[in-house]
Amino acid sequence: MSTQPRILVARAVFPETLQKLEQHFELETNQADTVFTRQELLARLKDKAGAFTTGSERIDAEVLAACPQLKICANMAVGFNNFDVPAMTARKVLATNTPDVLTETTADFGFALLMATARRMAESEHYLRAGRWTQWSYDMFAGADVHGSTLGILGMGRIGQGIARRGAHGFGMNVIYHNRSRLASELEAACKARYVGKEELLKTADHLVLVLPYSAESHHAIGAAELAQMKPTATLVNVARGGIVDDAALAQALREKRIAAAGLDVYEGEPKVHPDLLTVPNVVLTPHIASATVPTRRAMADLAADNLIGFLVHGKPVTPLNAEVLA
Ligand code: 8YV
């Protein structure tokens with residue numbers, strides 16, 4: 001019988017990632033990529049020392065109680081709101097994520113979504129494909145300028161700073177941001193970003209990009225009251241997490257043109273999308289793909305695998321979230 005630690009790879013991954021893991025572990029995989037039900041997850045994880053997870057697996061007290069052999073969950077994501085980290089720490093289960101490797105790719109996408117939203121690219125493409133384009137007209141799909149406008153960023157971590165740098169240096173934007181804590185002055189200078197209160201951010205931004213982590217504190221950080229403070233010409237972009245925006249309130253604000261447009265990559269309760277968002281024209285909708293380039297997804301998978309190998313084989317994870325477990 002194999003003495004290698006047993007690992008559950010909860011979703012399909014690159015074959016190369018499996019080959020790398022196979023050198024150290026006995027694997028149970030899910031290349032069919034059917035998202036496990038809660039019961040399946042509990043049953044499959046019960047006898048495992050480690051899990052390779054994604055945002056679709058919730059690791060909480062119930063899972064931990066059912067899986068006494070579990071030592072590490074390595075998330076293939078920088079966000080880890082699917083982990084109850086305090087519960088994991090209490091059970092001495094290590095949590096790891098994949099920071100840095102997706103920063104620039106996600107910032108590229110955030111900026112692309114901002115551009116597509118401001119310049120009404122999805123809406124105009126649908127119009128063309130529907131065969132409705134019969135003549136040029138002076139205001140056809142006239143949108144908002146990006147260059148020289150005010151870019152507001154809510155949540156100024158690594159990805160927020162990447163978007164700020166693109167706006168400030170590439171598009172001559174005036175960058176303002178709000179964050180739990182103010183950035184060090186050299187980071188502010190690198191992004192040419194000015195710290196403001198949340199109210200000023202909402203009222204002043206021409207384009208507001210959300211890049212903050214999801215938590216009880218950030219739940220519905222943008223709801224009806226916040227949308228009401230934004231300019232009627234403003235656009236809103238969310239590349240962070242569903243639940244930060246109240247999607248029902250956003251759909252209503254878009255329908256009533258209380259803001260001009262929105263670009264969303266993440267949704268409350270995804271992959272379900274609020275039906276009202278599907279029927280308003282002034283929103284660009286993408287299926288949680290901000291980090292989806294081949295090199296970046298490979299780097300994320302590699303880092304998650306390296307965390308499992310680093311910890312279970314060498315006692316040294318690469319990017320631990322609760323390093324106190326190691327002590
Ligand atoms: C992932 C993400 O694709 O890293 C994150 O936090 O949201 C995405 O890059 C997704 O979470 C799958 O794990």
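1. Strands β1 (residues 6–9) and β3 (residues 50–53) pair in parallel over 3 bridges. Strands here are DSSP E runs of at least two residues, helices are H or I runs of at least four, and both are numbered from the N terminus. Two strands count as paired if DSSP finds at least two bridges between them. One link in this pair joins Ile7 to its bridge partner Gly50 in β3.

2. Some ground rules. This is a predicted model, in which local features need pLDDT of at least 70 and side-chain atom pairs count only at pLDDT 80 or more, while totals for chains, interfaces and linings use all residues. Residues are numbered from 1 along each chain as its sequence is written, and side-chain values use heavy atoms, with hydrogens and water left out.

3. The β1–β3 pair belongs to an open sheet. Its 5 strands follow the order β2-β1-β3-β4-β5, with parallel pairing. β2 (26–28) and β5 (94–96) are the edge strands, each pairing on one side only. On average, neighbouring strands of this sheet are turned by 15 degrees against each other, direction ignored.

4. Now the helices on that sheet. α2 (residues 38–45) lies across β1, β2 and β3, and runs at about 160 degrees to β1. α13 (residues 294–314) also packs on the sheet, where it touches β1, β3, β4 (72–75) and β5. The direction of α13 makes about 165 degrees with that of β4. Axes are lines fitted to C-alpha atoms, for helices over the stretch in contact; angles run from 0 to 180 degrees between N-to-C directions. Contact means heavy atoms within 4.5 Å.

5. A second open sheet has 7 strands, also with parallel pairing. The order is β8-β7-β6-β9-β10-β11-β12. Its edge strands are β8 (193–195) and β12 (283–285), and each pairs on one side only. Leu151 has His207 as its bridge partner in β9.

6. α5 (residues 103–118) lies across β6, β9, β10 (235–238), β11 (261–264) and β12, at about 150 degrees to β10. α11 (residues 247–255) lies across β10, β11 and β12, at about 145 degrees to β11.

7. Which residues surround the ligand? They are Thr54, Gly55, Met76, Ala77, Val78, Gly79, Leu102, Arg241, His288, Ser291, Arg297 and Met300. The cut-off is a heavy atom within 4 Å of the molecule.

8. The side chains of His288 and Ser291 each place an N or O atom 2.7 Å from a ligand oxygen. For the side chain of Arg297 the distance is 3.1 Å. Taken alone, the ligand exposes 320 Å², and the protein buries 84% of that. Areas come from the Shrake-Rupley method with a 1.4 Å probe.

9. Asn179 deserves a look. The residue lies in the loop between β7 (174–178) and α8 (185–191). Is Asn179 buried or exposed? Asn179 counts as buried because its relative accessibility is 18%. Buried means under 20% relative accessible area, exposed over 50%, and partly exposed in between (1.4 Å probe, protein chains only).

10. The Asn179 side chain has two backbone partners to inspect. A polar atom of this side chain lies 2.9 Å from the backbone nitrogen of Met156. The side chain also reaches the backbone oxygen of Ser181 at 2.9 Å. Leaving aside neighbours within four places in sequence, Asn179 is in contact with Gly155, Met156 and Tyr195.

Methods: Polar contact = N/O pair within 3.5 Å; in protein donor to acceptor, adjacent residues only side chain to side chain.
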